[in-house]
Amino acid sequence: MAENMAENTTAVVLKAVNLQRHYPVRQGFMQPPATVRALNGVSFSLAAGETLAVVGESGCGKSTLARQLTLIETPTAGELWLDGHRVEPQRRPDAALRRSVQIVFQNPYGSLNPRKTIHQMLEEPLLLNTRQRRDERQRAIAAMLERVGLRPEHAGRYPHMFSGGQRQRIAIARALMLRPKVVVLDEPVSALDLSVRAQILNLLTELQQVLGLAYVFISHDLSVVRRIADRVLVMYFGRPVEYADSETIFTRPQHPYTEALFSATPVAEVGQRRERIHLQGEPPSPLNPPPGCPFQPRCALAETRCGQAVPELHPAGAGQVACILR
Amino acid sequence: MKLFDTGTLAVTWGYFRESRGGLVGLAFLGLVLFAVVFADVIAPFDPTLQHRDALLLPPVWNEAGRWPYLLGTDAVGRDLLSRLIFGARYSIFIGMVVVSIAVVAGTILGLLAGYFGGWFDTAIMRLMDVILAFPSLLLALGLVAVLGPGLLNAMYAIALVMLPHFVRLTRASVMGEKNRDYVVASRVAGAGNARLMFSTILPNCMAPLIVQATLSFSNAILDAAALGFLGMGAQPPLPEWGAMLAEAREFISRAWWVVTFPGLAILLTVLSINLVGDALRDALDPRMRRS
Amino acid sequence: MSLLEVRKLSVAFQTQGGWFRAVEGVNLSLDRGEVLAIVGESGSGKSVAMLALMGLLPATARIECERLLLDGQDLLGLAPKARRRLNGGTMAMIFQEPMSSLNPCFTIGYQIDEAVRTHLGGGRKARRERVLHLLELVGIPDPPRRFDAYPHQLSGGMSQRAMIAMALAADPELLIADEPTTALDVTVQAQILELLLKLQQERDMGLILITHDMGVVAETAQHVLVQYAGQQVERQAVRGLFEQPLHPYTRALLDALPERAPPGDFLPTIPGLVPGQHDRPRGCLFAPRCGHAGALCQTQEPVWQQLESGPGWRCHFVQGDPPAPVFPAPAALQQGGEQGEQD
């Protein structure tokens with residue numbers, strides 16, 4: 001399996017072992033704060049040049065995972081290895097470690113500072129992290145703009161002068177200025193128009209091939225995921241429910257939630273409509289988790305034993321699944 | 001650090017120009033500024049010079065008025081027009097200093113409170129609430145009473161009274177901006193707290209602050225005038241407009257001009273600054289712009 | 001007679017740089033029980049056209065229309081008051097962001113009741129019955145309890161259901177749904193689409209679905225209208241559109257979809273950007289990005305071509321894949337922009 005191969009090579013740039021992130025939530029006066037387990041036991045490893053897709057619906061912990069991986073927050077428990085170095089839980093990671101992972105956000109309208117020129121924005125990471133001279137920075141910025149398909153004269157402009165697709169190119173350029181090993185792509189194309197989406201996806205693929213980047217691709221768009229991911233991690237309610245390589249998971253999904261998710265995704269082919277698995281209701285409240293498997297209240301296959309223990313991720317078929325029925 | 005590029009400035013001016021009130025206010029302010037700069041040249045007399053032969057003269061268009069005392073003289077024979085012209089210096093100076101102190105201190109406090117949150121935020125905001133809880137003039141009066149009367153102390157007092165508005169405004173903007181993706185992106189790029197606060201977030205919070213500052217400018221002049229009127233601000237013979245009003249109050253029934261002209265000067269200046277502030281607010285507010 | 005007939009609808013907005021033509025000469029007709037999807041990217045004018053239909057555009061918009069018939073009634077000459085009565089009465093609309101479409105200060109029940117009161121009237125008790133019935137209809141569990149819920153207590157999916165209940169308050173004959181599921185999760189999207197289709201069939205409503213998601217189109221619509229830069233570029237039955245797109249834009253759009261693209265590392269793309277107000281090409285609006293554009297496309301605006309069997313498109317090319325070289329369309333085809341399209 002791909003994961004074992006990745007484990008054995010030295011090129012593993014990102015590894016998470018049983019990653020957890022809990023948030024205290026105040027419940028009101030005189031009541032003890034509750035704990036929300038936004039991220040609960042996520043493990044994976046990622047080699048240079050590989051893409052891991054994290055798939056799930058809102059509230060599944062995708063964004064929390066992104067915040068841990070980009071070191072905006074530190075995990076409550078578990079191990080996070082970046083480029084061979086361990087990120088200590090509850091401690092501020094050092095700058096060198098921080099440089100090796102960058103992020104591209106979903107909404108290119110919110111992720112660029114409206115009061116800064118493109119040049120200022122791309123220069124910031126260099127100013128803060130390197131001792132390059134002014135002309136070196138200038139050259140680096142011009143080269144990066146060209147690499148992402150923009151012209152050097154764009155550097156003096158402000159974000160509002162660009163279209164959504166161009167803004168996303170700028171955001172990608174900013175993320176790559178420090179030559180990171182890992183780029184977390186948080187729904188990088190879902191805010192873009194159809195005709196631009198393919199351009200950006202191609203750019204990401206090209207950059208990955210040229211620079212050997214490892215991508216963590218967070219998305220809910222399964223057709224995109226199928227196209228660009230090497231491996232897929234499906235999450236539900238802060239937990240991984242299925243982890244397998246892309247081919248395996250798309251041809252033979254194991255977890256009932258993965259199946260439901262796939263069947264709910266519309267396909268742009270007339271008459272190709274798959275048999276829908278009707279998911280009743282909505283994800284449970286994080287303050288009031290259901291007993292046992294968190295998916296069990298909505299699961300069509302649920303049995304009594306599903307409510308007794310939280311299923312752990314275990315090997316099944318060619319991948320791993322967290323369901324006691326499989 | 002550039003807050004606006006020329007494009008934004010041109011656009012802002014384009015929208016500003018559409019407000020007639022704003023233009024009128026701007027024209028009058030230009031006049032006042034001219035008086036401030038060239039007071040020595042355009043004022044006919046020294047503002048403290050007492051003409052013993054010309055006590056309480058009415059303006060020239062009045063039968064009893066006479067040249068060269070255009071707007072008449074006060075009880076000790078000082079030329080009113082000259083005093084008003086020199087008084088503009090003090091009033092504009094008061095406005096600028098008070099607003100500068102309040103804006104700088106208020107912005108920094110608001111930035112810190114909004115950015116860090118937690119107990120620090122709570123402490124600052126409760127303190128501001130305490131200041132807000134007092135009637136502003138009463139608080140300023142009390143402060144001046146403690147610090148001792150005088151223009152400078154009055155200015156400090158007024159600046160303190162104005163502080164909470166800037167703190168609240170900044171804090172609210174910062175809290176809205178600090179979780180935006182571009183701030184997170186800057187943090188991921190390695191920016192520290194100070195850089196995030198002052199270079200990344202603050203420029204995006206400036207628009208409402210600029211407007212609040214122009215509106216406070218007029219408040220500062222009014223409050224200084226009020227303190228001057230109560231004898232707690234500028235001391236005689238300084239030709240500060242509020243102090244002039246205060247000195248003249250005993251002549252209110254006999255010599256209307258001594259009271260009217262300083263009052264009119266304050267009124268028109270405040271009005272024009274408010275007009276400019278309103279126009280600026282509309283010009284800077286994206287929601288007021290046609291897409 | 002069709003439920004809705006729109007002919008040559010144009011909308012322009014006054015901007016700093018002059019008039020911006022957001023919608024240009026849109027024709028459409030819709031029957032009862034029909035689902036029409038309007039597909040397009042941002043700036044294609046798909047939402048603006050429908051807002052114009054509803055009379056919801058700001059006063060700065062200049063709206064021109066040759067004919068606008070709803071259920072045989074001419075909307076163009078209608079007084080604003082009568083027009084408002086139609087909104088929510090005969091035709092209703094739901095929007096993309098269910099969370100911000102509901103007023104956070106009032107309960108769900110109150111807001112739905114407002115729609116019932118405006119259009120149907122009736123006593124308090126009868127109205128409450130109606131609201132509870134509507135809530136049940138849209139699949140909100142435990143309606144009496146939800147009646148008193150505030151919007152923030154509902155999830156996105158539930159809010160959208162409440163919006164649908166509100167739109168159905170007066171039994172509209174035409175429902176316009178503007179990206180109704182874009183803000184929702186995939187599994188919830190499936191639920192909402194299913195609900196919309198079920199209600200549409202049960203009530204024999206006309207449904208106009210504005211979307212950019214080709215998957216949603218393929219699975220829900222009967223007819224599809226493709227918009228590009230304010231113009232209607234293609235209209236077809238859904239099967240034909242996906243199997244044999246006529247306009248190069250539609251074809252390129254479909255090819256760029258990850259699930260339809262040929263295998264390989266890279267996806268086929270459409271180069272360039274949608275033209276804006278200031279870089280509008282002289283000829284065909286799509287010509288600068290079109291792989292097949294020839295000299296004629298650069299200089300002359302293409303006209304609407306229509307096959308007898310229904311499909312229509314706006315292009316100098318005649319039907320065929322790969323497209324034939326540029327030449328005027330043969331006489332067998334009807335020509336001219338004024339031809340509406342009938343099914």
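This dialogue reads a sheet in chain A and a pocket lined by chain C in a predicted model.

Reader: How do I read the sheet in chain A, and what is its strand order?

Author: Start with the pairing. Strands of a sheet pair through backbone hydrogen bonds, either parallel or antiparallel. Here four strands form an open sheet, ordered β2-β1-β4-β5 in chain A, and the pairing is antiparallel.

Reader: Which strands of chain A stand at the edges?

Author: β2 (34-47) and β5 (85-87) of chain A do. Each has a single partner strand, so one side of each lacks a neighbour in the sheet. On average, neighbouring strands of this sheet are turned by 25° against each other, direction ignored.

Reader: How many bridges join β1(A) to β2(A)?

Author: There are 11, between antiparallel strands; β1(A) covers residues 12-25. Take Leu19(A): its bridge partner in β2(A) is Val42(A).

Reader: Which helix packs on the sheet?

Author: Helix α2 of chain A, residues 62-69. This helix touches β1, β2 and β4 (77-82) of chain A, and its direction makes about 120° with that of β1(A).

Reader: Now the second largest pocket. How much space lies in it?

Author: The general idea comes first. Rolling a probe the size of a water molecule over the atoms shows where empty space is left. In this pocket, that space is about 560 Å³. It has 21 lining residues, and the closest to its centre are Asn87(C), Gly88(C), Ala115(C), His119(C) and Met166(C).

Reader: Which element supplies the largest share of the lining?

Author: α4(C), with five residues. In chain C, α2 (80-86), β7 (91-94), α4 (108-119) and α7 (156-167) each give at least two.

How values were computed
Residues numbered from 1 in each chain as written. Chains lettered and ligands numbered in written order. Predicted model: local features only at pLDDT ≥ 70, side-chain atom pairs only at ≥ 80, totals over all residues. Heavy atoms only, no water. 1 Å grid on protein atoms, 1.4 Å probe; cavity = no way out; pocket = protein on both sides within 12 Å on 5 of 7 lines; lining within 4 Å. Points joined across faces, edges and corners; volume = space filled by probe spheres on them. Pairing = 2+ DSSP bridges. Axes fitted to C-alpha atoms, helices over the stretch in contact; angles between N-to-C directions. Contact = heavy atoms within 4.5 Å.
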